[in-house]
Amino acid sequence: MQQALVLEKKGVLSLREIDLPTQVGPGDVEIEIDTVGVCGSDVHYYTHGAIGPYVLREPMVLGHEAAGTVVQVGADVKGLKVGDRVCMEPGVPNLSSRASKLGLYNVDPDVRFWATPPIHGVLTPYVVHPAAFTYRLPDNVSFAEGAMVEPFAIGMQAATRARIQPGDVGAVIGAGPIGIMVALAALAGGCARVFISDLSADKLKIAGQYPGIIPVDVTERPFAEVIAEKTGGWGADVVFEASGSSRAFKGMFDLVRPGGAFVLVGLPVEPVEFDVAGAISKEVRIETVFRYANIFDRALELIASGKVDLKPLITGTFGFRDSIKAFERAAAGHASDVKLQIKVKE
Ligand SMILES: [Zn+2]
């Protein structure tokens, strides 16, 4: 039994003892958790009890953005040792599945993903995880940054799908945590400048602190109008939808240049309609992003190199004992909160 932050049912959290697996298999490591980020998906399970087909039916430990220290290694583990500081990829696929063999392990139907019902998350002091999905942190990358790799990996997957070329102009709809991660990854991937839109001045201010990211307040002017003006009427080379809002799909292809890419990252709650003719007439390449595959090593390279600084996005840290407070704060949705983290190890 160990302490954990348990989502008992929709709207009810408790910090209590729970029975979790402790068996370290030959390919596993045991990790003492240091820091866990609070993710929009964790908060959504808390407030709604479900995300699409994933419905909470019994108590579940929350948390999937984590970093910590290896305290035990399985007999067959090579490349990790006790004392290594690590971060973890929360989705574990079946490595012999057809999707995994194709390198698309993120869309393996059998993937087991932390804090996605019925799989427990990691807001608890110790977890067991396959070494193959555990990544050593470079010495200059903190636990707090390590716990940011997971959301940043989504931005990296989006930038990868966009097939950015050096000097591209990017546009990101939505300046929430994932929108900012996408914009940073697009810059790291070669975009010369990235415009980012939102309704919230607070969110835009946070995004705009990064050189190369240009905030656009859509309460003042339509995003497409600004993009047209700044690109001589041509449009952005790569556009990312990171708001999940159905409103973003209206006129979406006005943002993108002929032959450009439109990458869908945000997950709309309800089915949305979009303008197929608008896409066809520009031969827009539409891409989708579901989590990430083969990204964590490259994300860590970028963070360690200093090319990507995620530290300014960590806007609040709570102790493990205040985990419920952290979730209440996150559920309140303050525009100035980008990433809240929980320091599990006191
Ligand atoms: Zn997350």
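**Labels and their cut-offs**

Colleague: Why is S197 called buried?

Modeller: S197 has a relative accessible area of 4%. Buried means under 20%, exposed over 50%, and partly exposed in between (1.4 Å probe, protein chains only). So S197 is buried. The model is predicted: local features need pLDDT of at least 70, side-chain atom pairs need 80 or more, and totals for chains, interfaces and linings use all residues. Numbering runs from 1 along each chain as its sequence is written, and side-chain values use heavy atoms, without hydrogens or water.

Colleague: Where is S197, and which residues is it in contact with?

Modeller: S197 sits in strand 14. Strands (E, at least two residues) and helices (H or I, at least four) are DSSP runs, numbered from the N terminus. Contact means heavy atoms within 4.5 Å. With neighbours within four places in sequence set aside, S197 touches V172, I173, G174, A175, L204, V216, V218 and F223.

Colleague: F223 belongs to helix 7 (residues 223–230). How do you know that the buried residues of helix 7 are on the same side?

Modeller: The buried residues there are F223, V226 and I227. They span an arc of only 100° around the axis, which places them on the same side of helix 7. The arc is taken from the directions from the helix axis to the C-beta atoms. An α-helix has 3.6 residues a turn, so residues three or four places apart point the same way.

Colleague: What do those buried residues pack against?

Modeller: Strand 13 (169–173), strand 14 (193–198), strand 15 (213–217) and strand 16 (236–241). After helix 7 comes G232, with a positive phi near 60°.

Colleague: Why is A228 called partly exposed?

Modeller: A228 is also found in helix 7. Its relative accessible area is 30%, which makes A228 partly exposed. The C-alpha atoms of A228 and L255 are 7.4 Å apart, although the two are 27 residues apart along the chain.

Colleague: What about helix 10 (residues 323–332): which residues are buried there?

Modeller: S323, A326 and F327 are buried. Their arc is only 95° around the axis, so they lie on the same side of helix 10. Their cover includes strand 1 (2–9), strand 2 (12–18), helix 1, strand 19 (314–319) and strand 20 (339–343). Just after helix 10, G333 has a positive phi of about 65°.

Colleague: Now the zinc ion. What makes a residue a donor there?

Modeller: Donors are N, O and S atoms within 2.8 Å of the metal (3.2 Å for Na, K and Ca); water is not among the atoms, so sites may look incomplete. The protein donors are C39 (SG), H64 (NE2), E65 (OE) and E150 (OE), at 2.2 to 2.7 Å from the zinc ion. In sequence their spacing is C-x24-H-E-x84-E. C39, in the loop between strand 3 (28–37) and helix 1 (40–48), and E65, in strand 7 (residues 65–73), link distant parts of the chain, 26 residues apart.

Colleague: Why is the arrangement called irregular?

Modeller: The 4 donor atoms subtend angles of 85 to 171°. Four donors are tetrahedral if all angles lie between 85 and 135 degrees; four are square planar and six octahedral if opposite donors are over 155 degrees apart and all others between 65 and 115; anything else is irregular. These angles make the arrangement irregular.

Colleague: Are C39 and E65 buried or exposed?

Modeller: C39, at 16%, counts as buried. E65, at 0%, is buried too.
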